Amino acid sequence: MVNGFSSIALLCTIAAPDVLRPRKATVTSAAIRSQAKSPFAPFQRDLPRIPELVPNISTRTRDTYAMTVREGLAEVLPGFQTPIYGYDGVYPGPLIRAKKGREVVVRQTNALPFDTNVHLHGGYVPAAHDGHPMDVIAAGGSFDYHYPNEQDAATLWYHDHAHGRTSKTLYYGLVSMYLLEDELETELGLPQGEFDVPLVLADHAFNKDGSFRYAENVDIGFRGDTLLVNGAISPRMAVQRRRYRLRFLNASNARSYALRLGNARAMVQIAGDGGLLSRPVPRTNIPLHPAERVEVVIDFSQYGPGEELTLYNVDTEAGGGTTPIMRFDIQGGKASEDFRVPTRLRDPEPLPAPTVRRRWDLALGSAAWQINGLSWDPNRIDVRPRLGSTEVWTFVNNSGRVHPMHLHGFLFRVLERTSGPVELADRLGWKDTVGVLPNETVTVLAWFAPYKGKYVFHCHALEHADKAMMLQMEIV
Amino acid sequence: MRAPLSAVALAATALAFPAVAVAEVKVQAVDGTNVWSQTEVRIKVGETVTWSFAGTATPHNVQGKTPAAWDTFKSEVAVAGPDRSFTFQQPGTYRYICFLHESTMFGDVFVSDETGAPPPPPPPPPLSEQPFANDTPPLTSVEVRDTVVPTLDRVKATRVDRGVRVRFRLSEAGKVTVKLTRGKRVVRTRTVEVAKGTGSLSLRGLKAGSYRVQVSAKDLAGNAAKAASRARVTVRR
């Protein structure tokens, strides 16, 4: 049934409006048919919208959700059922929309045959609810995660973090978005509802029976030959002639992207990992390393009905099926809109002066990935920053691989990097993950607030994190 | 069908070179594509295989994968590390990998018994283990733009009570601009978004006098209609 609908929709799109008819001579129907035969052909499916989870209890100050982490099936390749692990059995998992100042409680029940846990990536969360790699929910058990949501609006996401298994469990689907909203966003009048679109990017490969194919590569990390956006192969999205807010998440194991619209058309970045930037930044090429998020506003009102605009991955590793990300098909009809991107978005907070400098050497050891010559050991505390202080951390990459370094529970600002000037957009906002390029040194200013306790920091290339590029910090 | 054929071929090879006994086989790690120089090594019981890393620039190692009892065989991850050897005492099929590049750096050692009878070939992998590669060709079009110029015709300007009414036809949805000039001064400009087809636009509240009316149009993608039409209208009190 789903197939039938999508193929009808496909025909409609190919039958371009009158204004584009002169192109007909070059695109024959036979060419279109032969292209449509490959299940991997891009732009065949409409962009799936991520389902939004409804709270089962809502009080004046708190929303309570319940979710089951279980196995499921997804139709990724047309005509095939792909086995996945999923929050509520879907990929990507259901979206949670939270409001600043309103607590969210998520009861996670583990229906998988092995341990799992849930890490809210980018959130200010007390240590007991952060999803520490050793803090797991046993098979058949459940746990109530409390998220205070006392931070500014940001695009967060949640995923499995049980140690040693994340490269497989995230690959097989334990990935989902968590959108935290606040009043400032409403005041700014940013696009909402159907014009605010979360997009989960991930690269995958397939077996002949349609299942996800995973091949472990501890050196470079997993690379798939096909790009999925919200679980569909390079989909297309019908857009009205107005502005859209697009929230990109790189949920790939280890692939970096560089987002670029066809003919380098303009995108305006308004937010990064840690929420709104202090002012919008026009960009044509946006690098996106694993676990990073960017939010852009694209103005489709400057395009005519029937026009098609493609978003590309122009990273040096991109090729074949990993180049086209998605396509925007401009619809006809009138769309009236008053919104303009404001020139100022959010005032930066004043920070205390840094008290400590620390250096972290990232390298491949004799048997595993290491930070300062150390691999993950849950019984060892590697660093003890003081609560409320700021520290200057320098990541020195002594390897030929990208290491997206991520701090649990805390945010940082990027101060400098040796590969060139820090992108303006990265200087104007908070980050929780920074891609340290091969043989590069990146310096960040981390702020250890607001919670005490044991957290970890690690490389978010999942094969590196599993083996075992992760250290433990205790905020005292 | 394939398995018996290769078994026949193997038997034929063994008959063709009955006297040649390979004492030691060398497998070289290859950078760049990250592969082993040999992915199939055929030896007899008691012979030795050596894995060499000479001249490599990326870190590798060699270790046993299957059977499970063989995974104790493991060398250190290193750049251009020392050679590592193993002497096989039991017939069977042994898989070796590089820990860092398991997806590409793997191979099998087929150890036959003293008589030279090859071990039974492993069964073909199920569909759930065979790759289904994405073979879509690279995209050719970067974007599809509307470059068709709209036609604006049947423009008629008529006098109405203290104003001007302009009628027109536009071949697609777009924006129509009407400009009134009196002498050299622009008196009034108005732009409206219109659907495809005929439309009209009235400009009122004008003083008596003679006006030049210019009508131009663009489609929604910004393509301008070819010639702007002109007309002259005299408004009376």
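This short talk covers the confidence of a predicted model and one sheet in chain A.

First, the conventions. Residues are numbered from 1 along each chain as its sequence is written, with chains lettered from A and ligands numbered from 1 in the order in which they are written. The model is predicted, and local features need pLDDT of at least 70, side-chain atom pairs count only at pLDDT 80 or more, and totals for chains, interfaces and linings use all residues, while side-chain values use heavy atoms, leaving out hydrogens and water.

Now confidence, as pLDDT, the predictor's confidence in each residue from 0 to 100. Chain A has a mean of 91, with 92% of its residues at 70 or more. Its residues 1-26 stay under 50, and there the model has 29 contacts (heavy atoms within 4.5 Å) beyond four places in sequence.

For chain B the mean is 83, and 89% of its residues reach 70 or more.

In chain A, five strands form an open, mixed sheet, ordered β24-β23-β25-β29-β27; strands pair if DSSP finds at least two bridges between them. Strands β24 (369-371) and β27 (411-417) of chain A are at the edges with a single partner strand each, so one side of each has no neighbour in the sheet.

A:L364 is opposite A:W369 in β24(A).

Terms used:
Helix = DSSP H or I, 4+ residues; strand = E, 2+ residues; numbered from the N terminus.
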